[in-house]
Amino acid sequence: MKKEVENIQKMRQWRFSWRLLWENFVFCEGNNFYKMPTFLARNVMYRKTDSYEKVCDSMRVIKKFFWPLTKMPKTQILKDKQWHYIIKQSSISWEKLTRKILESSPALLSKFKRLVIANEIMWMKEWVFLDLLGSDIITHPQTIHNLLTDGKDIYVFDFGLLEKSSSNMFFRYFSHFGAWFQLKFLKNFY
């Protein structure tokens, strides 16, 4: 496991991620996507938090609320020397979920609507909210960037959670706004 982490970090050195100001540095190598906290996330969001444990806990909560409705690509969570996560996810044949796909598939639309309701319930019960839209919603508002589909099932690709009671004040306010905005956007748009 230690050798795998070292190899991933070597691969990262030669990559660029345009998401430098967001939570994850993401890159693809071979048949896998790799995600790890950016410099900003390590020093702001996870400054006093074990990011590895945080991501493991996020995955547990997501499975609890979404497993009957969604799937997840084969995912492995590794820990680096600084106790931060490295997420390794297998590539699958997928498309980002779009309004056009949902309009043409009543079964997917039904799953999506139940997922939005489950997300609302999770916010009320666990005080966390799955970020469905991602940062790309600004440039591609017809696309749900953190959910993918193979035409039959919906896959959760990113499992960063917005937190109602985060110890980080900036993230807590961002989470409240993000959850409010996403629910309003999704209910009005879809």
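Visitor: Over which ring does the charged end of Lys35 sit?

Guide: This is a predicted model, where local features need pLDDT of at least 70, side-chain atom pairs count only at pLDDT 80 or more, and totals for chains, interfaces and linings use all residues. Residues are numbered from 1 along each chain as its sequence is written, and side-chain values use heavy atoms, leaving out hydrogens and water. The charged end of Lys35 is 3.5 Å from the centre of the ring it sits over, that of Phe157.

Visitor: How many aromatic pairs are there?

Guide: Rings of Phe, Tyr and Trp (its six-membered ring) pair if their centres lie within 6.5 Å; planes under 30 degrees apart count as stacked, over 60 as edge-to-face and the rest as tilted. By this rule, the count of aromatic pairs is 7.

Visitor: Is the pair of Phe177 and Trp180 stacked or tilted?

Guide: The ring centres of Phe177 and Trp180 are 5.9 Å apart. Their planes stand at 40°, so the pair is tilted.

Visitor: And what about the rings of Phe177 and Phe181?

Guide: The centres of Phe177 and Phe181 are 6.1 Å apart. With their planes at 20°, the pair is stacked.

Visitor: Which residues form one aromatic cluster?

Guide: Phe177 has a ring pair with Trp180 and another with Phe181. The cluster consists of Phe177, Trp180, Phe181 and Phe185.

Terms used
Lys NZ or Arg CZ within 6 Å of the ring centre and 35° of its normal.
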